[in-house]
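Please open the structure in a viewer and keep the selection panel at hand. Each stop below names what to select and then describes what is found there.

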Amino acid sequence: MVHDLHQDTCGGQEMKGSVIGLVVAGSGLLAVTATSLTGNPAISGKATSVANRTAPGSVPARYERLFNAWGNECDAITPSILAAQLKQESGFNPRAKSPVGAMGIAQFMPGTWQNSGIDGNGDGKKDVWDPEDAIPSAAKYMCSVSRNLKGVPGDKTRLALAGYNAGPGAVQKYRGIPPYKETENYVSTIMASAAKMGQTVGGQGNIAVEAVNYASAQIGKNYVWGGNGDGDGGFDCSGLTKAAFAQAGVALPRVASAQYTYLENDGALVEKDDLSIGDLIFFSQKKRTGSASAADIDHVGIYLGKGHFLNAPRTGAKVRIEKVWWDTYMGAGRVYPKSTNTKEV
């Protein structure tokens with residue numbers, strides 16, 4: 001990879017990485033990386049956040065964007081709940097058919113599909129065998145069940161799952177999860193599975209969530225040398241990371257090398273194999289031509305998972321998501337609340 005060189009206030013030489021491609025998918029834009037946080041990466045008008053996503057590899061890659069988009073349809077479900085539910089229903093098999101006639105990846109009965117199925121991908125038809133229709137329909141139906149159970153005491157998610165399995169009428173009758181062994185097992189199995197399928201955000205609590213969500217909202221804004229935000233017309237690399245973590249209540253130093261030093265003392269440096277969403281990753285152009293030390297760090301971005309990071313790259317470019325520049329990678333650090341003593345194990 002060849003980098004263009006530009007001077008900026010990240011701490012030294014600015015670098016240009018490869019642009020992450022975009023392809024049209026349905027009615028919106030789908031970033032090549034499944035970790036894109038630019039709102040819904042597949043279906044316009046639905047926002048997602050880093051805390052409400054399936055963990056990489058927990059669902060078939062071809063369905064990941066659907067679960068992450070439609071799993072935020074209402075507060076009774078999450079992407080991991082929706083994914084765990086359909087794993088339980090069909091094992092993610094879009095051609096599944098039960099002995100009693102339930103169909104597709106979401107196992108809709110014909111009557112329920114007729115009343116509740118939707119055209120999720122906007123191709124002009126609703127097809128129970130098409131996951132791009134069935135997954136959105138399952139999310140919509142779960143939210144409809146949850147609304148019908150308003151006033152029934154208990155956890156919204158568990159009640160909605162019980163209503164999906166046994167019918168809302170049974171949940172209303174018993175004012176909670178019906179005492180049916182099948183339904184009780186259905187709810188407990190999905191809740192346990194979902195706990196393993198959800199996205200984790202290191203040990204930082206809400207700091208990484210808030211920082212990444214703020215930074216992702218800046219995608220498309222201009223790179224500006226020395227920029228700290230809209231008042232300057234855009235961001236440079238360390239201006240973006242400083243602003244993102246300020247949103248989460250942590251005051252980082254201004255330049256990239258100083259941010260690395262800060263994390264050595266008040267955060268935690270992390271190994272490459274332990275990278276988590278929200279970690280700061282650091283680079284040095286000098287590494288390409290020889291050895292480099294922490295003092296030579298000249299660029300910083302926010303790791304998003306799956307080898308991609310959120311970056312304000314160079315003069316003439318915009319804030320974007322792209323592949324990590326491993327050839328100039330210097331290390332990474334994790335931001336913690338100021339009150340957390342990260343040096344004790």
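This is a predicted model: local features need pLDDT of at least 70, side-chain atom pairs count only at pLDDT 80 or more; totals for chains, interfaces and linings use all residues.

Residues are numbered from 1 along each chain as its sequence is written, and side-chain values use heavy atoms, with hydrogens and water left out.

**Helix α1**

Select residues 61–70, which form helix α1. Helices (H or I, at least four residues) and strands (E, at least two) are DSSP runs, numbered from the N terminus. Eight of the ten residues of α1 are buried, so the helix is largely enclosed by the rest of the structure. Buried means under 20% relative accessible area, exposed over 50%, and partly exposed in between, with a 1.4 Å probe and protein chains only. Among the buried residues are Tyr-63, Phe-67 and Trp-70, together with Glu-64 and Arg-65.

**The disulfide**

Next, select Cys-74 and Cys-143, whose sulfur atoms lie 2.1 Å apart in a disulfide; the term denotes a pair of cysteine sulfur atoms within 2.5 Å. Cys-74 lies in the loop between α1 and α2 and Cys-143 in helix α4 (residues 131–148), so the pair ties together parts that are 69 residues apart in sequence. The disulfide is left-handed, because the torsion about its S-S bond is about -95°. Both Cys-74 and Cys-143 are buried.

**The largest pocket**

Now display the largest pocket, which holds about 360 Å³ of space. Of its 15 lining residues, Glu-89, Gln-107, Met-109, Tyr-164 and Asn-165 are the closest to the centre. Helices α2 (79–90), α5 (156–166) and α7 (181–197) each give two or more residues to the lining. A pocket here is an open set of points on a 1 Å grid over the protein atoms alone, where a 1.4 Å probe fits, with protein on both sides within 12 Å along at least five of seven lines; lining residues have an atom within 4 Å of a point. The volume is the space filled by probe spheres set on the points, which are joined across faces, edges and corners.

**Two loop residues with positive phi**

Select Phe-92, in the loop between α2 and α3 (110–116). Its phi is near 65°, a positive value in a residue other than glycine, and Phe-92 counts as buried at 10% relative accessibility. Then move to Arg-175, in the loop between α6 (168–174) and α7. Phi of Arg-175 is near 55°, and this residue counts as partly exposed at 48% relative accessibility.

Which backbone nitrogen does the side chain of Asp-236 reach? That of Gly-226, at 3.1 Å. Asp-236 is found in the loop between β6 (234–235) and α9, and has 0% relative accessibility.

Asn-311, in strand β10 (residues 308–311), is also buried, with a relative accessible area of 0%. Its side chain makes polar contacts with the side chains of His-299 (2.7 Å) and Glu-322 (2.8 Å). A polar contact is a pair of N or O atoms within 3.5 Å; within protein, one must be able to donate a hydrogen and the other to accept it, and residues adjacent in sequence count only if both atoms are side-chain atoms.

**Helix α10**

Finally, select residues 256–266, helix α10, where the buried residues include Tyr-260, Tyr-262 and Leu-263. Among the elements that cover the buried residues of α10 are α9 (237–247) and β9 (299–305).

Methods: Contact means heavy atoms within 4.5 Å.
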